[in-house]
Protein chains: 2
Amino acid sequence: MDKKNENGEESVNKDGSICGYDSLHTILSANLKPHIYQEVSRLLHGLNCGKPLELVALSANGKALSFEHDFDLQGFCFRADKEFLREPRVVRVGLIQNSIVLPTTLHFLDQKKAIFQKLKLLIDAAGVSGVNILCLQEAWTMPFAFCTREKRWCEFAEPVDGESTQFLQELARKYNMVIISPILERDVNHGDTIWNTAIIIGNHGNIIGKHRKNHIPRVGDFNESTYYMEGNTGHPVFETAFGKIAVNICYGRHHPLNWLAFGLNGAEIVFNPSATVGELSEPMWPIELANPSIEIFLMVLQARNAAIANSYFVGSINRVGTEVFPNPFTSGDGKPQHKDFGHFYGSSHFSAPDGSCTPSLSRFRDGLLISDMDLNLCRQLKDKWGFRMTARYELYAEMLANYSKADYEPQVISDPLLHKKSP
Amino acid sequence: MDKKNENGEESVNKDGSICGYDSLHTILSANLKPHIYQEVSRLLHGLNCGKPLELVALSANGKALSFEHDFDLQGFCFRADKEFLREPRVVRVGLIQNSIVLPTTLHFLDQKKAIFQKLKLLIDAAGVSGVNILCLQEAWTMPFAFCTREKRWCEFAEPVDGESTQFLQELARKYNMVIISPILERDVNHGDTIWNTAIIIGNHGNIIGKHRKNHIPRVGDFNESTYYMEGNTGHPVFETAFGKIAVNICYGRHHPLNWLAFGLNGAEIVFNPSATVGELSEPMWPIELANPSIEIFLMVLQARNAAIANSYFVGSINRVGTEVFPNPFTSGDGKPQHKDFGHFYGSSHFSAPDGSCTPSLSRFRDGLLISDMDLNLCRQLKDKWGFRMTARYELYAEMLANYSKADYEPQVISDPLLHKKSP
């Protein structure tokens with residue numbers, strides 16, 4: 001697939017589809033009159049307190065870092081209504097998306113070091129930009145090697161207090177910043193069990209706790225159940241200096257109950273670090289909003305829906321780039337063996353409980369997305385819509401308990417005339 | 001707000017927003033080059049089995065009725081992959097959206113008769129078009145009068161086997177068509193209790209059963225809890241001659257658990273008949289995809305999300321037009337009293353379990369939307385994504401049972417350094 005061309009004009013794939021656009025923004029702004037683009041953009045991103053999202057004024061130091069080291073830096077602002085009995089509670093939140101650095105054929109130690117070096121720059125940019133809570137991408141210390149089914153990639157797994165945590169603890173302390181670090185975890189106290197885990201590092205560099213991915217995919221190249229099992233940490237919400245946060249890791253976003261449970265435990269911001277691609281061998285698509293691969297479409301749809309249904313903010317992250325592995329593998333789709341997982345399409349973004357969302361970061365480039373968000377918006381939406389109060393949880397507790405039994409009989413009312421012949 | 005102008009050009013509201021477009025389709029097709037429009041349209045509506053949705057060839061008789069009586073008629077086709085051990089199971093499904101006919105100041109009997117006459121034409125069009133399963137809009141026999149809080153509108157309530165049901169039973173028999181009839185129900189066997197109910201009429205004109213709305217809003221002009229209470233019919237799935245169907249009435253779409261429960265009981269198509277508007281006194285917005293009112297935005301977003309998460313088709317219906325009531329009322333928003341609920345913006349549409357969706361019907365006109373759908377797609381998506389199998393329902397049954405207790409303590413892990421001063 002071609003990269004975006006420099007003057008923003010479309011170029012066309014062999015199959016006639018448009019290629020190379022960084023985002024839906026780009027394709028629409030390049031092709032619509034300004035006042036129509038403005039309208040469509042408002043329609044696509046919704047309104048926050050009745051207005052389009054404002055930009056955050058970014059620090060010169062952060063901008064200099066992004067320019068010098070060639071990554072995107074954008075910032076948007078979610079407001080809430082003024083309250084009389086409570087001050088605004090504005091926090092600055094950051095999401096980082098990035099590609100790996102070195103070929104996967106090189107020494108694991110070198111690969112990891114190079115990623116740490118790159119992340120250091122992006123985290124510095126967040127720090128000097130005054131970010132309070134920062135989330136990194138899923139399994140950020142390594143290539144997303146689960147497509148290979150080769151167990152040697154388990155070498156990248158680390159204990160909760162391992163090297164990557166220590167690296168981030170220092171930066172958390174330096175910048176007074178909460179950092180969420182999703183890694184492959186090695187649980188040495190339980191016979192070297194491997195987990196997909198997010199570690200929450202407090203703004204004083206302390207480890208507040210961890211959450212282990214609840215739902216594990218078994219689809220396409222997402223052979224993750226080969227490596228780790230369903231998490232055993234429930235649905236913890238972490239009360240940090242800057243707000244109550246939770247982490248719904250990757251495939252967990254397909255499960256409305258997982259989103260719900262973090263909400264019931266009081267989360268105000270739920271992060272969804274993930275690694276997701278368009279289907280292999282499909283023509284690549286230019287835009288984050290929809291795609292021949294349902295995965296790409298779902299990322300935006302599910303996050304916004306979850307933010308609204310649960311009255312909290314969502315920060316969605318996807319890694320960037322194509323990762324090529326040493327040995328070819330098949331994908332269970334009858335197609336020839338190949339060495340890559342497809343293109344991780346970035347497009348990280350924020351969604352708010354009022355249904356508005358930020359534009360997405362690039363499909364191709366590393367980036368830091370910043371958002372100021374007034375957490376008061378969460379309770380304001382709860383008070384307005386009353387979803388929690390009208391939800392009838394007792395009914396569903398009973399329903400799910402019954403459903404979980406092997407002899408569950410669905411509530412089906414059959415037409416008694418079902419087998420009568422039509423007139 | 002201006003109506004759409006005839007040559008498809010935009011006209012502009014006082015606040016600079018574009019007004020009068022029938023749908024997002026219209027605004028984009030009028031303003032983008034054809035090949036770019038095609039791409040954007042595919043992005044907005046997703047792909048079904050890797051392709052844009054095809055049109056259904058509509059019968060000449062149906063088209064004649066729609067032309068003669070000035071309502072929209074559109075048809076789209078959702079395919080599934082070919083299977084080796086199972087034939088395709090294609091059903092033709094219809095959704096009807098309509099405005100009321102007479103002013104709400106006229107005699108209730110005349111208002112009701114006029115609606116019946118209009119519906120007869122739309123249902124005839126569905127019948128001659130070969131529709132197998134047809135759903136009408138919420139409380140279709142009456143104006144959506146719950147904004148008034150006046151109890152006299154309860155006169156429109158009918159028993160399950162009342163006048164409107166008898167009217168539809170005849171048409172169901174005539175056209176060998178299942179009809180879903182959402183009405184205000186009067187339960188005479190329980191002291192004239194009022195419910196918001198969908199009645200399922202079989203293709204032989206028999207009453208298969210009923211479902212009562214599970215979740216009742218208390219927000220803005222949606223004073224529905226003034227009139228009826230939370231339903232007591234669980235989450236029934238109706239096994240009809242043409243497939244397993246269920247009904248998630250209106251505000252129930254805000255509750256992921258309600259969608260889920262119909263799925264767990266085996267629904268292949270879930271209808272969401274509703275009545276929803278943009279907020280009063282907000283500038284009216286032209287497009288169904290998003291809006292200053294979260295309600296309008298949510299209709300499309302939630303339906304598509306539910307279709308994907310639960311591996312079934314969704315048919316979403318909203319009524320059309322502005323209904324003006326005899327006596328002014330306030331809306332709990334500090335704004336002056338007024339006599340209307342706002343504009344019901346239509347935009348009825350179908351969503352599929354693979355994330356694709358049809359374009360929406362008009363925001364302004366009565367319409368019949370038809371879709372052929374191969375129900376095999378539901379199981380194909382279940383097999384592919386495995387959401388049911390990875391959902392860990394036991395975990396959530398326990399979680400919800402605990403949450404339902406008054407002394408529930410959320411799973412919160414607090415930073416022990418929370419009250420330490422920052423460096």
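Okay, let's start with a cysteine: A:Cys135 is buried, with a relative accessible area of 0%. Buried here is under 20% relative accessible area, exposed is over 50%, and partly exposed is in between, with a 1.4 Å probe and protein chains only.

Quick housekeeping. This is a predicted model, where local features need pLDDT of at least 70 and side-chain atom pairs count only at pLDDT 80 or more, while totals for chains, interfaces and linings use all residues. Residues are numbered from 1 along each chain as its sequence is written, chains are lettered from A and ligands numbered from 1 in the order in which they are written, and side-chain values use heavy atoms, with hydrogens and water left out.

On confidence: pLDDT is the predictor's own score for each residue, from 0 to 100. Chain A averages 88, and 87% of its residues score at least 70. Residues 1–20 of chain A, though, have a pLDDT below 50, and residues 280–293 of chain A are also below 50.

Strands are DSSP runs of E, at least two residues, and helices are runs of H or I, at least four, numbered from the N terminus; two strands pair if DSSP finds at least two bridges between them. Inside, strands 10 and 11 of chain A run antiparallel, joined by 3 bridges, and A:Thr240 has A:Gly243 as its bridge partner.

Last topic, salt bridges: a side-chain nitrogen of Lys or Arg within 4 Å of a carboxyl oxygen of Asp or Glu. In one of them, A:Arg79 meets A:Glu54, closest N and O 2.8 Å apart. Those two sit 25 residues apart, linking distant parts of the chain. A:Arg79 is partly exposed at 42%, and A:Glu54 is partly exposed at 35%. Over in chain B, B:Glu323 and B:Arg319 meet at 2.7 Å, N to O, and both are buried. And there's a network linking A:Asp70, A:Asp72 and A:Arg365.

How values were computed:
Contact means heavy atoms within 4.5 Å.
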